[in-house]
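Let's take a walk through this protein together. Have the sequence and the 3D view open, and we'll stop at a few places along the way.

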Amino acid sequence: MKRQSLRRIFPFAASSAPDRAPFVIALVLLISAFLAVGGARDDLISLLVWRPLTAFLLMVSIAIAWPQAWERGRSLLIFCLAVVVLIALHLVPLPPEIWSGLPGRDILVKTYEAAGMALPWQPLSMAQARTWNALFSLAGPLALLITVLVLDRPRHQQLLLLLIAIGFLSGLIGVIQAVGPANGPLYFYRITNSGVSVGLFANRNHQAVFLATLYPLLAANLSLFKGRPDRLFFHRSITLAGAALLVPLVLMTGSRAGLLLAVVGVGFAWWIYRPPVARGRVEGIRSEHRSRFVGLGIAAALLIAVVVVAVRTPALQRLVETDPASELRIQTLPILGKAIQTFMPLGSGIGTFVEAYQIFEPDRLVSPSYFNHAHNDFIELAMTGGVPAILLLLWAGGGGIIWFAALQRNRHVGSDESGFGTQILGRAGFAVLVMLALASAADYPLRTPSLILYAIVMAVWCANARRLARK
C-alpha cells in the first residue's frame, strides 16, 4: 500500500518494469541536456562533461536496448545512421589529386602553395575540428533514440509530464532573468542575450520556441487525463492557466518568431485536443467546490503575477524595434546563395559554416562579432552538406508526410481504445516537429543539444503512432 502511494505521488519512482534502465538513461540525458547544454556553441565548458557522459550512455543503450529498438523503430534508426555516415564520410582523408579538384577548394590549394608546402591528404571537410564536433554531438541523440524506442506508453506519458515541467521551469527562470540584472547569476552561458528571458538556454529565440511548443504538450496531457470529475476540473483549470501563462512568458523573450510560433502552437493544440472522459463520483459537494476554487485561484494568481512582470520588462519593446540581426540575415542571403553554388554538389563539410562563410564575406559586413550560423538551417545544410544533405532533408520531409497520413487514418480512435494515448502523443510529437522545422527556417534551434533531444522524443512518438496505424 505504501509503495502504491509513493508511486502515485512520485510518478518517476523506480519500479520493476523491464524498461526501467532505458527510462533512467532517457531521464539522465534529457535533464542533463536542459540543465547543462542549452547553447549551440561548440566551446561550452559543460560539453567537457556532457560529451563523455553521452558516449558512455550510448554504449550502455546499445548493449541493453538495441535489438528491441531496432524492431520498433528501424526506419528512424536507419535515418540517423545515414546522418552519421554522411558526417563520417566528410572526415575520410582523400589524396591531393581528389580533394584539390573539389569545388571551392582553390583557396586551400593556394594557401599551401603560398606557404611552400606540398598538398597533404585532406578530407572533404574544410574545417575538420568542426566536423569532428558535429560527429561527436550525435552520441546523445542516438542514445536517447535507442532508449526511448523501447519504452512503453505509460513511460512516454511520464516523459510528457517531465518536458512540460522543464518548460515551465525554464519560463520561471526567464521571468527572474528579465526583472533582474542584465548579467545576473541566472544567465548560465557566457555568450547570451542579456536583459531578456532566455531561461535554460543561451538564446532568447530558442527559449521562445521551446515555450511555444508547450501548447501541443499541454493539449495532449489534458486529453490523456483519467480521474474523477472534480479532479478533471482542477486539471483543466491548471492547463488553461498554463496556456495563458505561456503568452507573457513568450513575450518576455522579445522574440517575434516565438510569438508567431505560439499562435501556431495554439492551432496545433486545437488539432490535438480530445475531451477527456471523467469516471467515478465526486466525493461530496465540498470536494467539488474546493477543486474549483483551488484551480481557478492558482490560475488567476499565476496569470496576474506574470502579466504584471511582463509589462515592466523591456523585452516588449524589442518586438516593435528594428532588429539589426534580422537585417543582417537578409543581407547575407545572396552571399549564402553564391557559397552554395560554389561548394555544390558535396558541400564544404558538415559544421564548417563559419570558415566557409568567411571566404565569401564582403568587407562591408566584417565586424567584431562573427556570423556563426546562416540563421536558416535548410540553407546552411545545403551549403555545408551539399546534395547528400538535401536528400536527407527530403527523406525527413517524406517521413513527416507518412507520419501525418498515419495520424489522419487513426484520427477517430476513441478514448476508451488501447491506441488512444499513442495517437494523442503522436499528434503532439508531429506538431512540435513541424514547429521546430518552421523555427529552423529563421534560426538554428536544432543545433542546441537540449532541443535536438526534445525533437528525438517527438519523432519517436510519431513513429509509435505510425506503427499503431499499420497494425
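**A guided walk**

The structure holds seven salt bridges, a salt bridge being a side-chain nitrogen of Lys or Arg within 4 Å of a carboxyl oxygen of Asp or Glu. Before we visit some of them, a word on the ground rules. This is a predicted model, where local features need pLDDT of at least 70, side-chain atom pairs count only at pLDDT 80 or more, and totals for chains, interfaces and linings use all residues. Residues are numbered from 1 along each chain as its sequence is written, and side-chain values use heavy atoms, with hydrogens and water left out.

How confident is the predictor? On pLDDT, its confidence in each residue from 0 to 100, the protein has a mean of 85, and 84% of its residues reach 70 or more. Helices here are DSSP runs (H or I, at least four residues), numbered from the N terminus. Across residues 1-16 the pLDDT is below 50. Where pLDDT is low, the predicted coordinates should not be read in detail.

Now for those salt bridges. D43 pairs with R190, the closest N and O atoms being 3.4 Å apart. That pair links distant parts of the chain: D43 is in the loop between α2 (20-36) and α3 (47-72), R190 in the loop between α9 (153-179) and α10, 147 residues apart. In terms of relative accessible area (buried is under 20%, exposed over 50%, partly exposed in between, with a 1.4 Å probe and protein chains only), D43 is partly exposed at 34%, while R190 is exposed at 68%.

Another salt bridge brings R447 and E380 together at 3.4 Å, N to O. R447 lies in the loop between α20 (420-440) and α21 (449-470) and E380 in helix α19 (residues 377-409), so the pair ties together parts 67 residues apart in sequence. E380 is buried, at 2%, whereas R447 is partly exposed, at 25%.

Next, look at L77 in helix α4 (residues 74-89). With 2% relative accessibility, L77 is buried. Leaving aside neighbours within four places in sequence, its contacts (heavy atoms within 4.5 Å) include W66, W70 and L145.

Our last stop is helix α10 (residues 204-212). Nine of its nine residues are buried, so α10 is largely enclosed by the rest of the structure. At the start of α10, a side-chain oxygen of N203 reaches to within 2.7 Å of the backbone nitrogen of N205.

Terms used
pLDDT = per-residue confidence, 0-100. Helix = DSSP H or I, 4+ residues; strand = E, 2+ residues; numbered from the N terminus. Polar contact = N/O pair within 3.5 Å; in protein donor to acceptor, adjacent residues only side chain to side chain.
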